[in-house]
Amino acid sequence: MSRVTLRSKSISKGRTSLFLDIYPPVRHPDSGKLARKHYLKIFLYAKPKTERERFHNKETMELALNVAARRQLDVQNLRFGFLSSRMLKGNFVEYLQAEMDKRRNQSNLENWRNAIKYFKEFAGEKVLFPELNETFSEKYADYLLSQPSLGRAGKKIKTNTAVAYFAKYRATLKQAFKDGFLPVNLYELVDPITPEGTHREFLFLDELQQLADTRCSSELVKRSALFAALTGLRYSDVATICWEEIRGGEGNYYIQYAMEKTDRNQFHPIPDQAYQMLGRRASGKIFKGLKYSHVNAILPVWLKAAGITKHITFHCFRHTFATLQILFGTDVVTVSKLLGHKNIMTTMIYVHIVDKLKREASHRIRLEIGSKWLELNQAS
């Protein structure tokens, strides 16, 4: 194990520069070369003559010893970010912006824009990577939950909106650690904001059938929406799925691909009816030309033509899949795997929806019982 020792060397004007001597040397995170010396860029007076110089030496030495102790812990834990000017001087806000730019063709781009807007309101235009820690992150979470909305003065951000914004911050922390800008994975150390229970709109099977039987002005939108309802896939996955990812044959079709949101390889079985929604087999993207703005324009008109008054977005077809699966008896673990959820508690939301439906259904069978019947029943 490397040991960190505080040392000094003479420089000009009767001063000594302080540096840390790391032995054995460690691998520099920028150059990849072995590094032994880390200059602290602070100095002592070799022969202090005044009270001010003696006070300077005392304060500086205390600071240097404190830094040396911290760096010893860093070295013990194989964290060498303190050696990197790239990591010390990099602006996290610019990195956050770059993460958003990677998602310019995704449906949640506006959500990313708002997330960055709130982060800048909280922290400003420049936040150096070394400033990021658990305390900073917790303060940002508190800010999101307590501050008024930037768009509607006087009203707080909805909890689940704060959940989404903070999730993007945590995801960026995770990527920054992977890219070597952070010495520790803050994503794992910082807890997400707990979401509130939300109403997740969905279609009952008869409503979904009604929609399928109704003409839509865009066959592309209709096929992609029904495919999502039959498979539980997100818009981002439906829009990017390629023919090369469709495997198997009749009775055993499946998709093998990386989910857009979780970035994990998935084996996703699909029913024959969903396969039929894909059209004639070719190459490249299956739903080529599908655009979220186009979906948003066509979907309300199609729903209205089908006589459905619920507020249904494309994502609601995923809710429809999950709710109907549980309603028809599929166990929650299987549904969770089909949805690609990392945490089964996310899937439990649909179990609660079904439980509520069952409770409501239990009150629908009622007998017309008059007061005379009650009197006779009580008398007996």
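Because the model is predicted, local features are reported only at pLDDT of at least 70 and side-chain atom pairs only at pLDDT 80 or more, while totals for chains, interfaces and linings use all residues. Residues are numbered from 1 along each chain as its sequence is written, and side-chain values rest on heavy atoms, with hydrogens and water left out.

The overall picture comes first. The protein has 16 helices and six strands, taken as DSSP runs numbered from the N terminus (helices are H or I with at least four residues, strands are E with at least two). Of its 380 residues, 40% are buried; here buried means under 20% relative accessible area, exposed means over 50%, and partly exposed lies in between, with a 1.4 Å probe and protein chains only. The exposed surface comes to about 22,700 Å², of which carbon and sulfur atoms supply 51%; these areas follow the Shrake-Rupley method with a 1.4 Å probe, and for residues only the protein chains shown count as cover. Among contacts (heavy atoms within 4.5 Å) with a separation of 6 or more, 59% are between residues 24 or more positions apart.

Turning to the interior, a nonpolar core is defined as a set of buried Ala, Val, Leu, Ile, Met, Phe, Trp, Tyr and Cys residues joined through side-chain atoms within 4.5 Å. The largest such core holds 39 residues, and the members that touch the most others are Phe-227, Phe-287, Leu-290 and Phe-317. Two or more residues each are given to this core by helices H8 (205–212), H9 (219–231), H10 (235–240), H11 (272–276), H12 (292–305) and H13 (316–327). Helix H9 gives the most, with seven residues. Leaving out residues up to four places away in sequence, Phe-317 touches Leu-203, Leu-211, Ala-225, Ala-228, Ala-229, Leu-299 and Ile-312. Apart from this core lies another, of 32 residues, which include Trp-112, Leu-132, Tyr-165 and Leu-186.

Helix H13 also holds His-319, which is buried with a relative accessible area of 8%. Beyond its neighbours within four places in sequence, His-319 is in contact with Arg-200, Glu-201, Phe-202 and Tyr-350.

Strand S1 (residues 3–11) runs antiparallel to strand S2 (residues 15–27), and nine bridges join them; two strands are taken to pair if DSSP finds at least two bridges between them. S1 and S2 form a hairpin with three residues between them, and Lys-13 in the turn has a positive phi of about 60°. Within this pairing, Thr-5 has Asp-21 in S2 as its bridge partner. S2 is also joined to strand S3 (residues 34–45), again antiparallel, through eight bridges, and Thr-16 has Leu-44 in S3 as its bridge partner.

What about the charged side chains? Side chains of opposite charge can pair when their charged atoms come close. A salt bridge is counted when a side-chain nitrogen of Lys or Arg is within 4 Å of a carboxyl oxygen of Asp or Glu, and by this rule the count comes to nine. One of them pairs Arg-7 with Asp-21, with the closest N and O atoms 2.8 Å apart. Arg-7 lies in strand S1 and Asp-21 in strand S2, so the pair ties together parts that are 14 residues apart in sequence. Asp-21 is buried, at 6% relative accessibility, whereas Arg-7 is partly exposed at 40%.

Asp-21 also forms a salt bridge with Arg-36, the closest N and O atoms being 2.6 Å apart. This pair links distant parts of the chain, with Arg-36 in strand S3 and Asp-21 in strand S2, 15 residues apart. Arg-36 is partly exposed, with a relative accessible area of 40%.

Arg-54 is partly exposed at 41% relative accessible area, while Glu-51 is exposed at 57%. Elsewhere, salt bridges that share partners join Arg-7, Asp-21 and Arg-36 into one network.

Glu-53, also placed in helix H1 (residues 51–76), is buried yet has no salt bridge, and the nearest side chain of opposite charge, Arg-52, is 4.4 Å away. For this comparison Lys and Arg count as positive and Asp and Glu as negative, with His and the chain ends not counted. Setting aside residues up to four places away in sequence, Glu-53 touches Tyr-45, Lys-47 and Pro-48.
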